[in-house]
Amino acid sequence: MATRQGQALGRLAVAPAVAALAAWSIVPLALAIYYAFLHYQLDNPDNTFFAGWSNFYYFVTDPFFAKDLFNTVALVLLVLAITIAGGVLLAILLDRPMWGQGIVRVMVISPFFIMPTVSALVWKNLMMHPVYGFFAHVWRAFGLTPVDWFASIPLLSVGIIVGWQWLPFATLILLTALQSLDLEQKDAAQMDGAGTVDFFRHITLPHLMRPITVVILIETIFLLNVFAEIKVTSVGGLAGNLTYLVFSQLNDANDVGEAAAGGLIAVVLANLVSAFLVRIVGRNLEA
Amino acid sequence: MARRESLAKKSAWTLVAWAIGFVMFFPIFWTGIAAFKSEADAYSLPRTWLTSPWTLENFAIVQARSNYLQYVFNTTVIAVLSTLLGLAFAIPAAWGMAFQPETKPSVNLSGKAWALILLFFFAVTAAIALSVGWRMTDNPLLGLALILLFGLPIAAWVWTRRTGDKLLWMLSTKMMPPAGALIPIYLIFNRNGLVFRQWGGVDLGDWNLIDTFAGMVPLMMLLNLPIVIWMLYTYFKEIPFEILEAARMDGAGLWQELSKVLAPMAVPGIASTLLLNVILSWNEAFWTLNLTNKNAAPLSFFISEYSSPEGQFWAKLSAASLMAIAPIMVLGWFSQRQLVRGLTFGAVK
């Protein structure tokens, strides 16, 4: 049993981290609420006054808001679809006995370690350039007209890049989970004459449900905040999301109040999502 | 009985897996090729990549044009210092929560009572803010008082929770979208921030954290602190309690217990956490793009400069990219398992 002295020391040891994180989570929030009700523009700070709800009103009625809200959700769903479907397939594939498994694994997970600005620019130029890009060459080789990715399907293009970055994450987690699937269970199922499809449906998939949930929830947190990929490929006007809209309110419009109001809307959105995550991770913690 | 795969079957899976692995890796591979070509050749790549000459000139040009090593230095400083600072906060915290857990709240108030208390403080804060006309430019003390009035009840609530709830709350701070924190942090970092323009009689006209290590290192530390604490916590949790008890039976004091028994067993977990944190901060690209532009700008910012280039730039972009990703990619290969553990907050091991 922990001693009283140890307990006191334990509380003391936790204090700095709690204080730091409390400051980190509370001070920006308090200030964001404050600025959100303020008419405050960086290029005219002397004309600052209480603005009521007007910042929220202007942010929501901004022509970009509806589009960017849609883009935010669409991008999350698109990337989730790519990474979950691809991740399950890749994990099952990598779980097979083969030669050079370690090397294949390294190749598959590498994209996850590429910084977002690099993957965005490499994809936009070397891969997706409408004339010189690799895809353009492939398309022409098949006698097709190359696609002008970022001009004609900007959201899908960003989705492909982000999906490429996050597919390794899903694969890695699902593979880790697969490898903990009991070997005996596999053998038993085989002896019972279960086919590949049956085995997948009744054993593999149920076993993967929990890790899939974890992947969905964690990716969602990060995907709601995709920013660098949109900024450096310069598609903020075509396929911007809420994060980008807040950035442009600050950066292009110099409007602190409206940007803060937009930020608060993003906070509410993220909290709706994360309420689920905390609950599920919490349940796993108890188990 | 183990499953026996026929040789043909194994060969087939090997072939498929290698093909898919190569497709996933291809953009990186292609960047690696373009980095060693001349600009003209980089633009005609697929047809000529085996025949066109190889060159190292891009690396020299990138360094000469933009002092590339400076960015490497900045990235390293931010990643390493923020990691060490984070560990200084996280190791005691994880130790306390893993070995001295509190199983019940230290203040016994119902959820309803807490909600009422918090609401009351929010209402008071809002009432004061509204009554003073909402303008705090010239009154930083009032601003600070209001932040404390708003924040302290929340902090008190967190502080009195049992350990499990504290952990979940830490996790929840990671979910704060950067878009929400961008404006306040930008204004705190920037001398124009309303609250910080003046401090009593002291003029804070020179206050500036934008594009400085003093700003970026603590920021990066706070961004990753929840992950670091969680990961360390799950590692510490695995250290069997019996060993500690045995040490205590043998008369080990708290200090001996920490230094002789716990520390050696905690080293692998700490090393893994360190590795993951370096990778995360190396690749961070929201705050670095928004808050740096020269002095403390890391590689992620440097690469973003290529989004509006002049003339042909693919070979140089590739060379710069390759140097920016290579070290961290290799680190990543060696930390696959830790990555799973850290990024799923211990839910998948």
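Reader: How many residues does the contact take from chain B and from chain A?

Author: The contact takes 112 residues from chain A and 122 residues from chain B, where contact means heavy atoms within 4.5 Å. This is a predicted model, in which local features need pLDDT of at least 70, side-chain atom pairs count only at pLDDT 80 or more, and totals for chains, interfaces and linings use all residues. Residues are numbered from 1 along each chain as its sequence is written, and chains are lettered from A in the order in which they are written.

Reader: What area do chain B and chain A bury between them?

Author: About 10,700 Å², with 78% of it on carbon and sulfur atoms. Buried area is the accessible area (1.4 Å probe) that two parts lose on being put together, summed over both.

Reader: Why is α8(A) called roughly perpendicular to α16(B)?

Author: The axes of helix α8 (residues 154–179) of chain A and helix α16 (residues 336–343) of chain B cross at roughly 100° and come within 10 Å. Angles of 65 to 115 degrees count as roughly perpendicular, so α8(A) is roughly perpendicular to α16(B). Among the residues making this contact are Phe169(A) and Leu339(B).

Reader: What makes Arg11(A) and Glu102(B) a salt bridge?

Author: Their closest N and O atoms are 2.4 Å apart. A salt bridge is a side-chain nitrogen of Lys or Arg within 4 Å of a carboxyl oxygen of Asp or Glu, so Arg11(A) and Glu102(B) qualify. Across the interface of chain B and chain A the rule finds one salt bridge.

Note on methods. Heavy atoms only, no water. Axes fitted to C-alpha atoms, helices over the stretch in contact; angles between N-to-C directions. Helix = DSSP H or I, 4+ residues; strand = E, 2+ residues; numbered from the N terminus. Parallel < 35°, antiparallel > 145°, perpendicular 65-115°, else oblique.
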